[in-house]
Amino acid sequence: KDEATFKRRRAVEIKHGRISMYATIGYIVPEYFKFPGYLSPSLGLKFADVPNGLAALSKLPVLGGAQMIAFAGLIETTGFFQAESTTDGRGPREGAFAMMDSTERGEPGNYGVGFPNFLGK
């Protein structure tokens, strides 16, 4: 494949990996912490009333779910993270909001560790 396809697939893989990490945090954190107050004051639904895990979907207000889907759709369809200032969809590279990570200057697959030598040779 060509270089543009490779870069696109790498950006998509990074995006999906980050979504997976957020999902994992979203699954674990409610086991230990719940926000005080109301999730939906108009429905009288408190954060404490929402069960953990996938059971939370049964308590999610319809308009709340619609807001999440609409926001995700907006981000995906407008190219919010794909502007020229983001180069490859990972955010700006300069300024106060720079989004650089440890893989920024490396080559794919080179983690800087080298092969561990357990034999002492």
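What share of the 121 residues in the chain is buried? Buried residues make up 9%. Keep in mind that this is a predicted model.

**Stop 1: the whole chain.** Color by secondary structure. Trace the chain from the N terminus, and the elements run α-β-β-α. The accessible surface comes to about 10,400 Å². Carbon and sulfur atoms hold 64% of that surface. Turn to contacts with a separation of 6 or more: residues 24 or more positions apart account for 18% of them.

**Stop 2: the largest pocket.** Select G26, P30, F47, V50 and A56. Of the 22 residues that line the largest pocket, these are the closest to its centre. The space there is about 680 Å³. Next, select 3–28 and 62–78. These are α1 and α2, and each supplies at least two residues of the pocket lining. Color the lining by residue type. It divides into 15 nonpolar, 5 polar and 2 charged residues.

**Stop 3: the aromatic rings.** The three form one aromatic cluster. The structure holds 2 aromatic pairs. One of them joins F33 and F35, edge-to-face. Their rings sit 5.2 Å apart, centre to centre, with 80° between the planes.

F35 counts as exposed because its relative accessibility is 51%, and the cut-off for exposed is over 50%.

Technical notes:
Residues numbered from 1 in each chain as written. Predicted model: local features only at pLDDT ≥ 70, side-chain atom pairs only at ≥ 80, totals over all residues. Heavy atoms only, no water. 1 Å grid on protein atoms, 1.4 Å probe; cavity = no way out; pocket = protein on both sides within 12 Å on 5 of 7 lines; lining within 4 Å. Points joined across faces, edges and corners; volume = space filled by probe spheres on them. Helix = DSSP H or I, 4+ residues; strand = E, 2+ residues; numbered from the N terminus. Nonpolar A, V, L, I, M, F, W, Y, C, P; charged D, E, K, R; others polar. Phe/Tyr/Trp six-rings, centres within 6.5 Å; stacked < 30°, edge-to-face > 60°. Buried < 20%, exposed > 50% of the residue type's maximum accessible area, 1.4 Å probe, protein only. Contact = heavy atoms within 4.5 Å. Areas by Shrake-Rupley, 256 points an atom, 1.4 Å probe, with all protein chains shown as cover.
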